[in-house]
Amino acid sequence: MRVPLDLKAGEETIFDALIAARETFGDKEILEDQDRKPLTYTGLIRAAFVLGRKIAAMTEPGERVGILLPSSMGVVVTYYGLHAHGRVPVMLNFTSGERNIKAAIQAAGVQKVLTAKRFISQAKLEDLVDDLATVAEIVWLDDVRKTIGLPDKLYGLMAGLMPKRFRVKTEPHDPGVILFTSGSFGAPKGVVLSQWNLVANCRQVAQHIDLKPEWVMFNPLPTFHCFGLTGGVLLPLLQGMKAFQYPSPLHAKQIVELLPDVKASILFATDTFLNQYARVAGPDDFSTLQFVVAGAEKVRDETHHLFNTRFHGLKLLEGYGATEASPVVAVNHPDRNRPGTVGQVLPGLDWRLDPVPGIDEGGRLFLRGPNVMEGYLSPEDPMAIEPLTGGWHDTGDIVDIDDEGYVSILGRVKRFAKIGGEMVSLTAVEGLASAVWPEARHAVVSIPDSRKGEKLVLVTDRKDADVARLAEWARNHGAPELAVPKKIMRVGEVPVLGTGKTDYVAIQQMVEVDKAA
């Protein structure tokens, strides 16, 4: 059953939704980063108009403009600055490597990439930027800001007073952002999300969970990741909450020390990072948090255990999303939290489960709704969008949905192996390894096998992992023998993407190279 989405305000564009939020919540402090110089709604609107006009002078209306920046006030101002002047932000993943970023630039038809010298210097990305300069013009925002004079500031002053008169009029179904899927299972795809897709997803989450304007959202996730952009930036700004931006999820010690200092109410992150934060946090570091939201990857039992034992009463809410759905599809609720599931489907979303041959439980999840993308970028033509058939997006995920609407993720279609004619979930096999060695990180992939079709390989950072221990646990707990990997590859570190997700492409390559050797 679908819960309807409240559409009293109608469909809105990104910039008009920000203007409406100022009218609703008053001109309060709304955005901050580690420099600790917060902006109000009006400050953000003015800054966006001033910077956006400078960028507009060197671009065309509707042009797609690349953004290569970490989570910060700067990236938020730049994003809204492009929208104020009718340009389309293309968020580039600076952790994905030269080849993938160049491919993204070309796939989206980007001619200019906006970045900052301080960021490039601190992240040691000088060589990367030199390489990108061969396919697009690099625009240094530091240099652009130096050209801002009195006429620009006066323009910003007037635009802040009458933003609807000054902003370029766009439509809710015009592009709101172009993002690229994580590439954890293959080559990244360009996803075109409309402005209404993004605003609708914020509305869906706010209708599902009562968010209070006095709360502070702490976002350590990058804005090239849809979870970081929608959950960490747009959702708080449109709901009257201060959005605190932190440039890297890797700085566990600094993040847990900042949380009480900025009075953080909600922390968004992935299981990988939350596990690290819980390990280094003291008993009071999470004292201001109302709840923690985990997405983008499965939450391990060990992470749930860490939160339950160290931070009594602090709820860890697991959710589920896809870049193509802006991204939130389902999330647990503070009062209806069912660990082991990813919560209930958001209001306004239609879903269906198609049967998958060889898999008895659940089905392949298809989605349709206001937050589901316009389509993928066409590989042949950067300006063309491949629309969805009937508006349905195939997530490629095998899920089960119970009578109360709680969603359990059983695995991806690609994450099943056929062994001796039986379909085996690689995600379930990883769960088996995690049950035996909960503090280690594990990934399972399959390789061709002449006898049984496919063979499972466990890649783990557990130094003493062995097949006999896995087989013993499987026997004692009734797990099928087919689910026990017959080969284990021990590594110093299991590869992850910049978002914290397991990098299955790199792992598959490692295993295949090892097999060939």
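The model is predicted, so local features need pLDDT of at least 70 and side-chain atom pairs count only at pLDDT 80 or more, while totals for chains, interfaces and linings use all residues. Residues are numbered from 1 along each chain as its sequence is written, and side-chain values use heavy atoms, with hydrogens and water left out.

**Exercise 1.** State how many salt bridges the rule gives.

Solution. Step one is the rule: a side-chain nitrogen of Lys or Arg lies within 4 Å of a carboxyl oxygen of Asp or Glu. Step two is the count, which comes to 24 salt bridges.

**Exercise 2.** Locate the partners Asp16 and Arg167 and decide whether they are buried or exposed.

Solution. The closest N and O atoms of this salt bridge are 2.8 Å apart. Asp16 belongs to helix 1 (residues 14-25), and Arg167 to the loop between helix 9 (163-166) and strand 7 (175-180), 151 residues apart. Helices (H or I, at least four residues) and strands (E, at least two) are DSSP runs, numbered from the N terminus. Both residues are buried; buried means under 20% relative accessible area, exposed over 50%, and partly exposed in between (1.4 Å probe, protein chains only).

**Exercise 3.** Which parts does the pair Arg368 and Asp350 tie together?

Solution. The closest N and O atoms of this salt bridge are 3.9 Å apart. Arg368 is in strand 17 (residues 359-368) and Asp350 in strand 16 (residues 350-356), so the link joins parts 18 residues apart in sequence. Arg368 is partly exposed at 33% relative accessibility, and Asp350 is partly exposed at 23%.
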